[in-house]
Amino acid sequence: MLTINRVLEIAGLNISKHIKIARHMDTRGVDVHELYASGHFEVYQSYQERNVFKGCDYLISCLGIENNQALFVGVYDVKEIYSVDGFPSDLDVPYKGKAKLNSRYRYELEKLSGFEELEGRLVINWNNISQAWCMKLDTNQKEVVQLLPKGYVRDFPGYLEINLSFQELQKIINEPIANSIWHKMLSAVGGVYLILDTKDGKQYIGSASGKEGILGRWKQYVRNGHGGNKKLKEIIESDSKRINRFKFTILQTLPRTLTKNEVLWEESKYKEKLGSRAYGLNLN
């Protein structure tokens, strides 16, 4: 059995040290994958309610995925532990109102180099679902399941289950080989989609038709962030980092054989239902 212990040892990790392994999968409405994609994961990980990383030299960090598996995202040197009173209110981190409010410990964690080729690609079994989310590595041999293609984002969940951050969408578009299923499925249909600005909750509703369907339309957002929409363009021009708070979902799929006017009619119905003209980012 090939284990993560052995793989990381081959990559240069000194496994004789005191090491813990963690599978981050928050159950309080927090998407750890979005935090990882947006660059906020390390802040999220460094604050804890219990002193879970006490007594370890290194921390192996993973994100929880389906089938009780975990995706390796890095090895960290646990340098210092500090007592804190909650999560800092001045940090602009998604979901800070849903988790970490009762943090009592902050860890100074330094990411180790040498494992970049495995980050976001190495998948392991977490064994029993009742196991703790953080445990000692030496007593828990986690079997390696697979090494995902470089640039892979996540499995395609079905059209109506899509909920992508801008960073995830950007990676899917820019890495077509690693995410070929996404390209195939998104280009197969037209539809009505929604962009949510998670900073203030405002919504933009748009539609896609034509040869490349939803894929073709979403490629435009990856190119410039706004896809030609005036309101989205204003937001990005006033704050270039705001684009990292956008989330993309699909409200309804439609056959690509529909005319543009037929698709726009479906789009208009959703604008009325969700009030995106009166209270959101749609101007027409």
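The radius of gyration is taken here over C-alpha atoms, and the globule rule is 2.2 Å times the number of residues to the power 0.38. With 284 residues, a compact globule would have a radius of gyration near 19 Å, and the protein has 21 Å, which agrees. This is a predicted model, in which local features need pLDDT of at least 70 and side-chain atom pairs count only at pLDDT 80 or more, whereas totals for chains, interfaces and linings use all residues. Residues are numbered from 1 along each chain as its sequence is written, and side-chain values use heavy atoms, with hydrogens and water left out.

**Overall architecture**

- The secondary structure comes to eight helices and twelve strands, where helices (H or I, at least four residues) and strands (E, at least two) are DSSP runs numbered from the N terminus.
- Taken along the principal axes, the C-alpha atoms fill a box of roughly 65 × 45 × 30 Å.
- Of the 284 residues, 50% count as buried, a term that means under 20% relative accessible area, with exposed meaning over 50% and partly exposed in between (1.4 Å probe, protein chains only).
- The protein exposes about 14400 Å², of which carbon and sulfur atoms supply 48%; accessible areas come from the Shrake-Rupley method with a 1.4 Å probe, and for residues only the protein chains shown count as cover.
- Among contacts (heavy atoms within 4.5 Å) between residues at least 6 apart in sequence, 71% join residues at least 24 apart.

**Helices α5 and α6**

- Helix α5 (residues 180–187) packs with helix α6 (residues 213–224) at an angle of about 110°, and their axes are 4 Å apart; axes are lines fitted to C-alpha atoms, for helices over the stretch in contact, and angles run from 0 to 180 degrees between N-to-C directions.
- The two helices α5 and α6 are therefore roughly perpendicular to each other, given that 65 to 115 degrees counts as roughly perpendicular, under 35 as roughly parallel, over 145 as roughly antiparallel and the rest as oblique.
- On the α5 side the contact is made by His183, Leu186 and Ser187, and on the α6 side by Gly213, Ile214, Leu215 and Trp218.
- The buried residues of α6 are Gly213, Ile214, Leu215, Gly216, Arg217, Trp218, Tyr221 and Val222, and α6 is followed by glycine 225, with a positive phi near 90°.
- Alanine 188, in the loop between α5 and β10 (190–197), counts as partly exposed at 42% relative accessibility.
- Alanine 188 touches Tyr159 and Arg256, not counting residues up to four places away in sequence, and its C-alpha is 8.4 Å from that of leucine 215, 27 residues away in sequence.

**Helix α4**

- In helix α4 (residues 166–174), the buried residues are Phe166, Gln167, Glu168, Leu169, Ile172 and Ile173, and their cover includes α2 (32–38), β9 (164–165), α5, α6 and β12 (246–254).
- Glutamate 168 is buried, with a relative accessible area of 5%, and leaving aside neighbours within four places in sequence, glutamate 168 is in contact with His33, Ala37, Val153, Arg154 and Asn163.

- Most residues other than glycine have a negative phi.
- Asparagine 67, in the loop between β3 (58–65) and β4 (69–83), has a positive phi of about 65° and counts as exposed at 63% relative accessibility.
- Asparagine 68 lies in the loop between β3 and β4 and has a positive phi near 55°, but asparagine 68 is buried, with a relative accessible area of 17%.
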